[in-house]
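Today I opened the model and went through its helices, strands and charged pairs. Here are my notes, in the order I looked things up.

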Amino acid sequence: MATPVLEFKNATIFQKDNLILDDVSVAIEKGEFVYLIGKTGAGKSSFMKTLYGDLPLKNGEGNIVGYDLAKLKEKDIPFLRRKLGVVFQDFKLLNDRTVKDNLMFVLTATGWKDKKAMTTRIDEVLDKVGMKIKNFKYPYQLSGGEQQRVAIARALLNNPELILADEPTGNLDPQTSVEVMQVLKEINDNGNTILMATHDYALILKYPSRTLKCDESQMFEVVQKTV
């Protein structure tokens with residue numbers, strides 16, 4: 001059987017000295033779409049931050065895209081993040097650069113050198129999210145939904161083994177949330193593994209999938225009808 005893209009065993013998640021999640025044991029296989037739900041402060045963001053190396057894993061086992069989080073060195077974090085695609089709630093686009101230049105910046109920062117190959121890759125990912133014709137626009141000229149599409153394209157640039165979407169529809173209206181969700185589902189249908197933290201239960205009902213819940217320092221799987 002293939003190695004899971006993400007696997008935790010008896011792991012404890014801390015925010016400084018505060019226990020956030022205890023005894024986390026979970027695995028996500030390649031190609032899955034998994035929701036992570038829970039109240040504000042229940043541990044979703046802390047778990048996500050642990051996955052991309054922003055918080056250290058102090059206790060237990062945690063492996064993600066081939067990296068042992070318990071032994072992760074600071075110098076390894078940029079290489080871990082190249083194998084992940086991270087989509088944030090607030091887009092985190094550079095307002096003084098066009099859409100194309102935002103993505104070019106990421107490719108340059110992650111070691112790409114061939115300008116022609118870089119332009120081709122940017123066109124590919126923008127095409128996937130329906131934003132190729134707006135590559136000359138600046139983020140402030142785009143709607144929230146369009147900015148999030150660009151952020152998703154950015155997350156796809158380096159062919160990540162896992163996409164971490166942390167409240168990707170949190171700043172969007174319901175209709176735009178559905179549009180962004182459709183983009184994510186299409187990407188998943190094409191083989192990308194996605195873990196999405198969300199408060200939007202309407203989206204979960206509309207696009208049901210495996211769901212993990214954080215509650216009272218625990219993480220557990222829930223059946224759809226009890227979400």
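Before judging handedness I wrote down the rule: a crossing is left-handed if the near helix is turned anticlockwise from the far one by less than a right angle, and right-handed if clockwise. I also noted that this is a predicted model, where local features need pLDDT of at least 70, side-chain atom pairs count only at pLDDT 80 or more, and totals for chains, interfaces and linings use all residues. Residues are numbered from 1 along each chain as its sequence is written, and side-chain values use heavy atoms, with hydrogens and water left out.

**Entry 1: a helix pair**

I looked up helix α5 (residues 144-156) and helix α6 (residues 174-189), whose axes come within 10 Å and cross at roughly 20°. That makes α5 roughly parallel to α6 (angles under 35 degrees count as roughly parallel, over 145 as roughly antiparallel, 65 to 115 as roughly perpendicular and the rest as oblique). Axes here are lines fitted to C-alpha atoms, for helices over the stretch in contact, and angles run from 0 to 180 degrees between N-to-C directions. Helices (H or I, at least four residues) and strands (E, at least two) are DSSP runs, numbered from the N terminus. The crossing of α5 and α6 is right-handed.

Which residues of α5 meet α6? I found Gly-145, Gln-148, Arg-149, Ile-152 and Leu-156 on the α5 side, against Thr-176, Glu-179, Val-180, Val-183, Leu-184 and Ile-187 in α6; contact means heavy atoms within 4.5 Å. The residues of this contact divide into six nonpolar, three polar and two charged (Ala, Val, Leu, Ile, Met, Phe, Trp, Tyr, Cys and Pro count as nonpolar, Asp, Glu, Lys and Arg as charged, and the others, Gly among them, as polar).

**Entry 2: an open sheet**

Next I traced four strands that form an open sheet in the order β2-β1-β4-β5, with antiparallel pairing. β2 and β5 (67-68) stand at the edges, each with a single partner strand, so one side of each is left without a neighbour in the sheet. Two strands pair if DSSP finds at least two bridges between them.

I found seven bridges joining β1 (residues 6-15) to β2 (residues 18-28). Phe-8 has Val-26 as its bridge partner in β2, and Gln-15 stands opposite Asn-18. In the hairpin of β1 and β2, with two residues between the strands, Lys-16 takes a positive phi near 60°. β1 also pairs with β4 (residues 59-64) over five bridges, where Leu-6 stands opposite Ile-64. Helix α1 (residues 44-51) lies across β1, β2 and β4, running at about 115° to β1.

**Entry 3: a salt bridge and a second hairpin**

How many salt bridges does the structure hold? I noted ten, a salt bridge being a side-chain nitrogen of Lys or Arg within 4 Å of a carboxyl oxygen of Asp or Glu. In one, the side chains of Arg-210 and Glu-32 meet at 3.0 Å, N to O. The pair links distant parts of the chain, 178 residues apart: Arg-210 is in β9 (residues 210-215) and Glu-32 in the loop between β2 and β3 (33-37).

From Arg-210 I followed β9, which five bridges join to the antiparallel β10 (residues 218-222). Asp-215 stands opposite Gln-218, and Glu-216 in the turn of this hairpin has a positive phi of about 50°.
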